[in-house]
Amino acid sequence: MKSENVTPPTKKSLDKERYNRRKFLSALGIGAAGVSLLSSCERNDWYDQFKDNKDGATLDFKDDIGVLNYAYALEQLEAAFYTQVAANPASGFTAAQKAYFMDVQYHEIAHREFFKKALGANAIGSLEVDFSSINFSDAASVLAAAKTFEDLGVAAYNGAGVRLTTDAYLVIAGQIVSVEARHAAWVRDQISNGSFADLNDLSALGSNNSGGLDGALTPDKVLPLAANYIKTKINVINL
Amino acid sequence: MNILNILDEIEKTDADIYDRLSPRRKVMKDFYNAGKKISLAALPLALSSMFTKAYGQSSTTAVNDVLNFALTLEYLEYHFYNHALLGTDVTFDFPSTAARNAITTIRDHEKAHVDLLAGALGSAARPALAYTNFDFRAGGTYNADNSYASGGTFADVYTNYQTFLKVATAFEDTGVRAYKGQAPVLKGNAVLTTALQIHSVEARHASHLRQMTAAALGVGLKPWITYSANGNDTGVAPANPVYAGEQNTMQAGVEITNIAPGVTQAAAAESFDEFLTKAQVVTIANLFLKPAFRL
């Protein structure tokens, strides 16, 4: 446990600190995915403040702000994806599909901008995305990625709701997650009509078909999956 | 002071202590962090505050009320679909195997929700509701043997596939809004996660039923609820109470319309579903319950 009266770090000491942290995490095999889970013992107050996204974004789950930033991170990812889909829609899409992808794009942008505005000075910075695994000119590839994002988004909100302590934020999360679920169902139906709520197919995300329950994952399960599409390193503390 | 011993002691009288604490692990962390700063004499007070946080949730009665309220809605949905699939007085044909399969999938989920909620409530569960306790025509009259006689806002709900889909869409959108409205009562409670998992399944149903309705009626109904001056984008006037307030574009004090280029009023309304209060949902549910079974 470090003293709280640490000397303000120099660039060099920060780099060394980060290097050590990375080495430690990669030894545990959890740093490689781009997400690290730092125990509260490792937390440094100065590190908390040093959260410009060039060196990673920090999600501090000690309070609702952290949960909202977590949602903000996921909405950034979705908005960036659909912006790219809508800008150059795959030739295999019908006019109706293109129109609905345009809708979804604006929904995700609205969610992203809502969190940015609601969080104000507490918001994490912009995340750099990595969609190299997606072929945007191939309709099937885009739909598969959209399904991944939407189902994961639903499971993420469902799993994080219990952490929220403010009624208003809990209701907002509910207002957003049902729209994500509408997206998920629509995207799934484009891939295979009737698969809108195939709960057996969502078991990896925590669904339970016999209970008629959708996915629900805690942030430590969601972030490594999301990290496949995020270049920016995301640090997690107080989870 | 040994926190683990204390937890062990509590476990003897409250087997659920770890369940109560686990969704709020941060409370434990807050406690440990606080422990570094406060004197030993103040610890019992801090400990008591930790448990107030963990237990300072809605009372069991309040939680059970929400679950029973949800159970009523799940009975309503289950019987509505189950009768469409099995009822001998249903005269419409599903236009395709896919359509029948979708309604079967939804019926099965609603049944699972009924069983889950009734099981979780145990002896606190409300009395079971049968198909004959409902009036899915909304204001119909029924014979002594419970067969349908005449009348009702949705008189042809089981003879006209289009009417059936309109009512189904209204039910699913109601369910989505109802769960959302009750979330604060379940705040911080493990049962909230289960409720959210049901809630998003209802939203998936709503999305699919809206697509089925759009196809069957040849209308442009979207999977998501778009802007309409009175909130109701379905064009089904009797469903107005289901969509009251869906035209809202202001969220937690933030105006969503034009929050970024391209986010029109329509996109703003679509991007956030709205909640209904319990009283609003009760009014809607009572339209479909026979008088003796109304909430």
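**View 1. The largest nonpolar core of the predicted model, around A:Ala73.** The core holds 132 residues. Those with the most contacts inside this core are A:Ala73, A:Leu77, A:Ala110 and A:Ala173. Once neighbours within four places in sequence are set aside, A:Ala73 is in contact with A:Ala57, A:Leu59, A:Ile124, A:Leu127 and A:Ile234. The model shown here and in the other views is predicted.

**View 2. The loop of chain A that carries A:Asp201.** A:Asp201 sits in the loop between α6 (167–191) and α7 (219–226) of chain A. Is A:Asp201 buried or partly exposed? A:Asp201 is partly exposed, because 16 other C-beta atoms lie within 10 Å, and a residue counts as buried with 20 or more and as exposed with 12 or fewer. A:Gly215 is 14 residues from A:Asp201 along the chain, and the C-alpha atoms of the two are separated by 9.9 Å.

**View 3. Helix α8 of chain B, residues 190–217.** Chain B has 295 residues, of which 40% count as buried, and its secondary structure comprises 11 helices and 4 strands. Among the contacts in chain B with a separation of 6 or more, 61% join residues 24 or more positions apart. The 28 residues of α8(B) should span 40 Å at 1.5 Å a residue, so the 41 Å between its end C-alpha atoms agrees with that expectation. Most of α8(B) is covered, with 21 of its 28 residues buried. B:Gly218 follows α8(B) and has a positive phi, near 65°.

**View 4. The crossing of α6(B) and α8(B).** The axis of α6(B), residues 97–121, comes within 11 Å of the axis of α8(B), and the two cross at roughly 160°. The pair is therefore roughly antiparallel, since the angle is over 145 degrees. The contact is made on the α6(B) side by B:Ala99, B:Ala102, B:Ile106, B:His109 and B:His113. On the α8(B) side, the contact residues are B:Ile198, B:Val201, B:His205, B:His208 and B:Met212. The crossing of α6(B) past α8(B) is left-handed.

**View 5. The side of chain B that touches chain A.** Here 52 residues of chain B are in contact with 47 residues of chain A. Five helices of chain B, namely α3 (25–37), α6, α7 (161–182), α8 and α10 (265–271), each supply at least two residues to this side. Which helix gives the most to the side of chain B that touches chain A? That helix is α8(B), with 17 residues.

How values were computed: Residues numbered from 1 in each chain as written. Chains lettered and ligands numbered in written order. Predicted model: local features only at pLDDT ≥ 70, side-chain atom pairs only at ≥ 80, totals over all residues. Core = buried A, V, L, I, M, F, W, Y, C linked by C-beta atoms within 7 Å. Contact = placed C-beta atoms within 7 Å. Expected span 1.5 Å × (residues − 1). Axes fitted to C-alpha atoms, helices over the stretch in contact; angles between N-to-C directions. Parallel < 35°, antiparallel > 145°, perpendicular 65-115°, else oblique. Left-handed = near helix turned anticlockwise from the far one by under 90°.
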